[in-house]
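Work through the exercises below with the sequence and the model open. Each task is followed by a solution in steps.

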Amino acid sequence: MRKSHPLRRIVLATAATVSGVVLLLSLKPGGGPAASEATGAVPGASAGARESAQGGQAGGVPAGSATVTGNVVRTEYGDVQVRITVAGGRIVRADAVRAPRGGLSDTKSADAVPKLNRQAVAAGSARIDSVSGATYTSEGYKKSLQSALDRTEPAGASAAAARASADPSAPRTVTGDVVRTEYGDVQVRVTVTDGKLTRAAAVRAPQGGLSDQKTADAVPKLNARAVAAGSARIDSVSGATYTSEGYKKSLQSALDRAGG
Amino acid sequence: MTTTLAGGRAARRQTMRRIRPRRSPAVPLLLVVWAGAAAVLWLWWHNTPSIADDTARIVNAGRITGLLAGYLMALVVLQMARVPALERRVGSDRVARWHAMSGRYTLSLVVAHVFLTMWGYARQAGRPLSGLVTQTVESVEQLPGMTKAAVGTGLLVLIGLSSVGPVRRRLPYDTWYHVHLLTYAAVFLTFWHQVAAGNDFAVEPVATTFWYALYGGVTALVLWYRVLVPVRLNLRHRLRVEAVIEETPGIVSVLIRGRRLHRMGAEAGHFFRWRFLAPGMRFSSHPYSLSAAPRPEMLRITVKAIGDHSAGLRALTPGTRVWAEGPYGALTAQRRSRGKVLLVAGGVGITPMRALFETLPGAAGDITLLYRANTTQDLALWSELAAIATERGARLMYAVNSPEGERPDISAENLRRKVPDIERHDVFLCGPPGFAQSVFEALRDAGVPARRIHQESFEM
């Protein structure tokens with residue numbers, strides 16, 4: 001009975017839990033992601049960066065929030081597969097569930113994968129820099145990431161991207177996808193001159209109630225930021241997060257089309 | 001001479017045949033619980049390919065604590081589902097203590113999970129530790145199921161605070177109880193972010209199925225044993241107050257009449273949670289032990305008027321409807337493993353002892369009751385006890401304060417002197433916590449093994 005003094009029990013439980021968690025964490029290899037997890041069969045085996053279509057959590061996932069696994073991408077050094085969680089149109093988490101292993105690859109993956117994960121979250125797209133010294137892994141990562149991103153978009157939206165390309169120096173005006181947000185649709189039209197973003201405007205933005213005021217406030221700022229950045233990597237306008245996120249998505253799709 | 005000896009032996013054999021000790025399922029149950037925890041940790045292990053840096057370590061510590069908290073949350077609710085195997089075989093008091101202990105632990109895990117996960121995400125997003133609040137707000141806005149989870153976590157913290165010793169003592173029991181009922185809402189609200197945002201459930205459909213099965217199973221048990229079983233019991237037995245009798249100043253007995261009460265499965269030593277449908281009493285239910293062996297038409301409880309509720313019992317009018325849930329409790333004849341039994345009662349703790357004194361199988365001289373009270377006036381039910389003792393040839397002793405107010409000395413030596421073969425007895429013990437503690441220690445010193453001291457205590 002005396003053994004069950006409350007303080008003693010608290011100390012014991014805390015010590016046991018903390019040391020248990022630390023033990024588990026330290027037992028996990030710090031190296032590259034293990035290739036133990038396969039969510040689908042990889043058909044065929046050939047060299048080069050061939051993509052193998054993989055039916056995991058497929059498209060049609062609502063853009064609101066989803067965890068999506070990309071294709072398995074074969075590289076010279078091994079398979080790469082990326083899993084992302086997308087919420088509110090943004091990548092909030094990126095992990096490599098497969099990465100090259102064995103020999104030097106272990107250290108390279110351990111070095112490169114966290115960097116790539118961070119870049120993916122920061123950029124919100126597959127347009128990220130390769131990690132030097134891990135070029136193949138980086139390229140495979142970007143491809144798998146892109147395939148995961150494709151699955152998160154509403155079916156058909158990205159497929160319909162028109163790819164009109166003419167004289168690259170002539171000004172071209174391209175309209176992005178309509179992106180649904182909690183408060184209404186957002187659609188962005190951009191003008192690209194000589195490969196540079198020279199004008200951005202929202203042709204649709206949330207309206208009605210408070211949205212009118214927010215849109216009036218946020219859209220000009222977003223237009224200005226888009227032109228200044230020359231990309232969809234722009235900050236959200238505070239107080240208009242959903243509109244901003246929708247704007248960025250539509251802008252990205254417009255830029256994708258303009259870039260050919 | 002020989003005949004009495006033979007007669008004694010035959011009687012002893014007969015008694016032993018009627019004792020069927022049942023093992024408490026506590027140990028196998030705890031093993032299952034630990035195995036489940038191990039499976040949950042394995043799930044994390046299996047789904048985590050590697051950990052690259054400190055940020056990943058923090059995020060993963062958050063995941064581990066989150067998974068364990070989600071698992072234990074289901075068990076904390078299960079402990080209060082009034083499952084008969086827990087209430088009657090392990091013992092309501094013990095399960096309630098498990099519940100309090102694991103509840104505190106689970107809440108600590110929840111807090112650790114929230115802190116670690118948000119810290120890890122903040123680091124991933126390149127925020128300093130001071131950006132924790134911003135990160136939390138952003139995650140609640142963006143991640144699936146997180147708004148609900150945030151509300152649920154808030155509720156859990158509120159419930160936790162209301163159960164902290166000093167707060168709990170100041171709150172009226174009913175308020176505390178109704179705040180505690182919010183646990184169901186909190187568990188429901190926090191469940192969804194586990195399966196929607198949980199890393200391990202995103203990649204492992206089997207784990208999601210298991211999680212739904214765990215929570216679904218617990219929900220089913222709660223509905224069954226906390227709602228359907230009591231409704232059926234009360235529809236079937238139609239309990240009403242028959243009479244209220246003042247036993248001693250401050251102690252009343254309530255006689256409750258009902259139909260076919262022998263079908264309730266109640267035994268001496270059991271208690272029910274009683275709700276009297278009288279003004280001011282219908283919103284709270286209280287556990288009181290049966291103070292006599294249940295009869296087909298009648299049950300009796302004996303209660304000391306200490307709280308508002310127990311004081312209100314005195315004013316009950318015959319015919320008042322009664323809502324009962326039970327029977328619960330493990331302090332019954334099933335616990336017994338030996339032929340000889342010593343019952344020790346302190347104050348109103350006499351109630352289950354009185355019922356056991358009447359019904360425990362035993363030959364003359366096998367059963368002894370030691371009754372502790374402040375004065376001889378406080379020895380409630382004494383005349384009944386004396387009658388039972390005479391009829392059964394059982395021993396009845398009491399210990400009261402001396403006229404000067406000096407407490408009787410219940411020590412190992414005194415116990416051994418009064419009950420010479422005390423180490424060969426099963427001891428049933430019921431009384432106020434301080435009394436139970438000191439008697440327990442005296443009994444241990446007198447050579448009674450702890451496993452043969454059976455007690456019930458609702459103090460946490």
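**Exercise 1: a helix of chain B**

Helix α10 of chain B (residues 205-237) has 33 residues and spans 46 Å from its first C-alpha to its last, close to the 48 Å expected at 1.5 Å a residue. The model is predicted: local features need pLDDT of at least 70, side-chain atom pairs count only at pLDDT 80 or more, and totals for chains, interfaces and linings use all residues. Residues are numbered from 1 along each chain as its sequence is written, while chains are lettered from A and ligands numbered from 1 in the order in which they are written.

Task: find where α10(B) is kinked, which of its residues are buried, and what follows it.

Solution. 
1. Helices are DSSP runs of H or I with at least four residues, strands are runs of E with at least two, and both are numbered from the N terminus.
2. The expected span is 1.5 Å times one less than the number of residues.
3. A kink of about 30° is centred on Trp224(B); the bend at a residue is the angle between axes fitted to the seven residues ending there and the seven starting there.
4. The buried residues of α10(B) are Ala207(B), Trp211(B) and Leu233(B). A residue is buried if 20 or more other C-beta atoms lie within 10 Å of its own, exposed if 12 or fewer, and partly exposed in between, with C-beta atoms placed from the backbone.
5. Just after the helix, Arg238(B) has a positive phi of about 45°.

**Exercise 2: backbone exceptions**

Task: is Arg260(B) buried or exposed, and is Leu381(B) buried or exposed?

Solution. 
1. Arg260(B) is in the loop between β2 (251-257) and β3 (271-276) of chain B, and has a positive phi of about 45° although it is not a glycine.
2. Arg260(B) has 11 other C-beta atoms within 10 Å, so it is exposed.
3. Leu381(B), in the loop between β8 and α13 of chain B, has a positive phi near 65°.
4. Leu381(B) is buried because 23 other C-beta atoms lie within 10 Å.
5. A cis peptide bond, with omega about -5°, joins Gly326(B) and Pro327(B); Pro327(B) belongs to strand β6 (residues 321-328) of chain B.

**Exercise 3: a buried serine**

Task: which residues does Ser139(B) contact beyond its neighbours within four places in sequence?

Solution. 
1. Ser139(B) lies in helix α5 (residues 132-142) of chain B.
2. With 22 other C-beta atoms within 10 Å, Ser139(B) is buried.
3. The contacts are Met118(B), Tyr121(B) and Met146(B); two residues are in contact if their C-beta atoms, placed from the backbone, lie within 7 Å.
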